[in-house]
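Here is a friendly tour of one protein model. Please have the sequence and the 3D view open as you read.

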Amino acid sequence: MATDRASRSVGAAAAGAGFGPDGRTGRAGWAITAGLRVTGAGLLIAAAAIHLDLYLTGYRPIPVIGGLFLLQVIVGFLAGTVVLVTGSRLAAAAGAVFALATLGGYLLSVWTGLFGFKEVRTTAGIAAGVVEVAAFAALAVLAARPRPSRQPSRWRVLPGPVSAWLDKGAPGTAAVVGGVSVVALVLLGVAVSGAGGPPSPAPSAGTALKSTTINGTTVLTNGKGFILYSFAPDTAGRSVCNGACAQYWPPVTGAATAGPGVTGKLGTITRSDGSKQATYDGHPLYTYIADTAPGQANGNNLNLNGGIWHEVTVAS
């Protein structure tokens with residue numbers, strides 16, 4: 001009798017401590033689960049915040065791509081919030097899939113392009129990719145963790161053996177998640193190392209600029225017909241568009257010559273990296289990565305990267 005009472009006492013204490021059916025989910029297990037919940041949700045929200053910044057500073061006007069960026073932002077914030085508030089394993093699994101899918105879209109955009117747009121290498125893009133891999137790992141492990149004791153299986157819709165495997169803590173999950181994460185990081189590294197700056201349509205030294213009439217306005221273009229832009233914060237001798245800005249708005253490098261219809265004064269300035277940039281009537285010249293075909297003016301009158309962008313007009 002004393003032995004039975006002692007056994008029941010130990011069992012009750014174990015249940016009160018939160019041990020699961022496999023004996024691994026005590027108080028430490030609760031702490032790990034809570035940590036994964038907060039970490040996974042926080043990483044999803046962080047990735048969404050990075051995409052929001054990218055959307056606002058460069059991707060918003062890009063056809064289709066801008067809308068997809070906004071969708072990523074909305075879903076990322078919602079998924080992160082749901083995981084944080086509810087701790088749902090199903091939400092965690094969905095968040096893990098979303099993080100991996102978002103990374104896959106980035107890699108595909110870098111390698112082959114999506115909807116006519118090819119991604120460029122940016123620090124923010126690389127950071128988002130690393131955060132997405134970390135979010136996948138945390139959320140995938142959270143989704144596979146066992147429930148506390150005395151709670152029914154959450155996997156009743158799955159076949160019996162699969163449900164039982166999951167209820168035991170999904171043995172081997174950590175190795176699989178770790179392997180997928182390593183592969184994802186390797187692919188991310190390969191993708192960004194092979195990606196350069198944007199496929200700039202800017203002319204090389206000696207290439208003639210020309211004028212083109214688009215929607216009733218005569219504008220300055222490069223030799224391939226891509227519209228050239230000026231940046232309001234620039235001065236006649238200095239460009240303030242550097243770093244990530246210059247990846248979205250590639251400077252027209254080197255000297256250029258006047259082609260048909262070009263009546264303004266051409267010149268060059270020296271950029272902060274020592275390279276030469278062409279100018280027109282004192283305005284440093286740029287193209288825009290969202291212009292994927294000649295004649296497009298997706299960058300005109302945009303307020304991005306700290307100032308207004310204008311297509312460069314040519315007096316008739």
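In which helix does Ser 181 lie? Ser 181 belongs to helix H7 (residues 173–194), helices being DSSP runs (H or I) of at least four residues and strands (E) of at least two, numbered from the N terminus. This is a predicted model, where local features need pLDDT of at least 70 and side-chain atom pairs count only at pLDDT 80 or more, while totals for chains, interfaces and linings use all residues. Residues are numbered from 1 along each chain as its sequence is written, and side-chain values use heavy atoms, with hydrogens and water left out.

Ser 181 counts as buried because its relative accessibility is 9% (buried is under 20% relative accessible area, exposed over 50%, partly exposed in between; 1.4 Å probe, protein chains only). Its surroundings are summarised here.

| Ser 181 feature | Partner and value |
|---|---|
| Contacts (heavy atoms within 4.5 Å), leaving aside neighbours within four places in sequence | Val 133, Phe 136, Ala 137 |

Now to the nonpolar cores, sets of buried Ala, Val, Leu, Ile, Met, Phe, Trp, Tyr and Cys residues joined through side-chain atoms within 4.5 Å. The largest has 46 residues, and Trp 249 is among those with the most contacts inside it. Elements giving two or more residues to this core include helix H2 (27–59) and strand E3 (229–231). A second, separate core of 11 residues includes Val 252 and Leu 285.

Strand E3 also joins an open, antiparallel sheet of 3 strands in the order E3-E9-E8, pairing meaning at least two DSSP bridges between strands. Its edge strands are E3 and E8 (303–304).
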